[in-house]
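User: I have a protein model open and would like to understand how it is put together. Could you walk me through it?

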Amino acid sequence: MILEGKTALISGGSRGIGRAIAELFYAEGANIYIMARNAEQLGKAAEEIDTKHEDRVHPIPCDVGSKTSVDEAFARIEADGGVIDVLVNCAGVNLRGPLEDMPLETWQKVLDINLTGTFMLTQKCFKMFRQKGAGKIVNIASLMSEIARPTISPYVASKGGVKMFTKAIAIEWAKYNIQANAVIPGYIATEMNTPLIQDPKFNQFIIDRTPAGRWGQPSEVAHAALFFASKGADFITGQLIAVDGGILAAL
Ligand SMILES: NC(=O)c1ccc[n+]([C@@H]2O[C@H](COP(=O)([O-])OP(=O)(O)OC[C@H]3O[C@@H](n4cnc5c(N)ncnc54)[C@H](OP(=O)(O)O)[C@@H]3O)[C@@H](O)[C@H]2O)c1
């Protein structure tokens with residue numbers, strides 16, 4: 001199994017893409033910590049992911065946009081004896097509104113969770129990576145790391161930041177045998193996109209705009225994350241893989 005004996009931390013692991021990554025990493029033998037704000041949903045997800053009842057999935061409630069919450073969460077992981085080998089920064093939100101009326105609080109919230117949360121978790125894992133002499137970081141970026149859409153300016157800025165932060169980690173920590181890469185999901189059928197899927201016009205727009213002619217599935221993103229987390233990617237760092245059915249390749 002690809003992640004046998006490894007410990008992975010997956011933020012946003014309670015549903016959607018993060019949950020699919022947790023399920024695949026579990027199937028590949030990893031010991032897993034999952035993070036999200038809603039403790040009840042997180043606990044339920046942990047129970048459901050641990051299909052073999054091996055006590056390999058540990059829910060750690062955490063708001064990655066809050067330093068206090070992140071500090072508390074890592075104190076719990078450390079008290080549990082957890083030493084992370086693979087960090088997947090997947091927690092993310094998208095709050096919409098026209099740029100001209102965008103409240104500062106909305107801008108700040110999206111940046112805090114999507115970008116600063118990624119920074120805080122990355123920094124927290126550094127000590128553990130050094131202890132192990134190796135580390136893998138897989139950031140979940142977005143099509144919006146490369147191209148923009150109107151009314152989601154904080155999201156676009158945050159995901160552009162995630163892309164460049166991935167490269168910054170890669171070049172600064174390559175000497176420590178730490179690799180940082182990012183996955184760019186295209187339009188993936190998750191709860192975040194439920195309103196878009198339910199809007200017949202937008203749904204058709206996505207199908208027409210995606211060369212593959214369909215929405216992607218969370219498990220399809222998970223396989224790219226698994227590749228970056230694997231030993232086979234030990235000499236790959238600072239790279240992005242789009243799992244988008246061809247959107248970024250098309251004019
Ligand atoms: N779906 C897509 O088409 C798509 C495309 C490109 C990129 N992405 C990115 O992929 C990631 C996952 O998206 P998704 O579609 O799977 O979204 P989702 O279904 O809404 O799941 C988001 C996950 O993140 C957690 N989360 C949100 N805010 C958090 C916070 N402050 N602290 C800790 N956990 C938090 C949520 O749990 P709680 O709400 O309980 O905290 C949940 O587990 C995001 O970074 C998103 O930007 C998604």
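**Surface, core and a few residues**

Analyst: The protein exposes about 11800 Å², of which carbon and sulfur atoms supply 55%; such areas come from the Shrake-Rupley method with a 1.4 Å probe, and for residues only the protein chains shown count as cover. This is a predicted model, in which local features need pLDDT of at least 70 and side-chain atom pairs count only at pLDDT 80 or more, while totals for chains, interfaces and linings use all residues. Residues are numbered from 1 along each chain as its sequence is written, and side-chain values use heavy atoms, with hydrogens and water left out.

User: OK, how many helices and strands are there?

Analyst: The protein has 8 helices and 7 strands, counted as DSSP runs numbered from the N terminus, with helices being H or I of at least four residues and strands E of at least two. The radius of gyration is 17 Å, close to the 18 Å that the globule rule gives for 251 residues, so the protein is as compact as a globular protein of that length; the radius is taken over C-alpha atoms, and the rule is 2.2 Å times the number of residues to the power 0.38.

User: And which residues touch the most other members of the largest nonpolar core?

Analyst: That core has 34 residues, and those touching the most other members are Ile10, Ile21, Phe25, Ile32, Ile34, Val88 and Val183. A nonpolar core is a set of buried Ala, Val, Leu, Ile, Met, Phe, Trp, Tyr and Cys residues joined through side-chain atoms within 4.5 Å, where buried means under 20% relative accessible area, exposed over 50% and partly exposed in between, with a 1.4 Å probe and protein chains only. Among the elements that each supply at least two residues of this core are β1 (7–11), α1 (16–27) and α8 (218–229).

User: What does Phe25 contact, beyond its neighbours in sequence?

Analyst: Leaving aside neighbours within four places in sequence, Phe25 is in contact (heavy atoms within 4.5 Å) with residues including Leu3, Ile10, Val88 and Leu226.

User: Changing topic, where is Leu248, and what does it touch?

Analyst: Leu248 is in the segment after β7 (240–243), and, not counting residues up to four places away in sequence, it touches Leu143, Glu146, Ile147, Ile184 and Ala242. Leu248 and Glu146 are 102 residues apart in sequence, while their C-alpha atoms are 8.3 Å apart in space.

User: Last one: what is the phi of Thr151?

Analyst: Phi of Thr151 is near 70 degrees, a positive value in a residue other than glycine. Most residues other than glycine have a negative phi.
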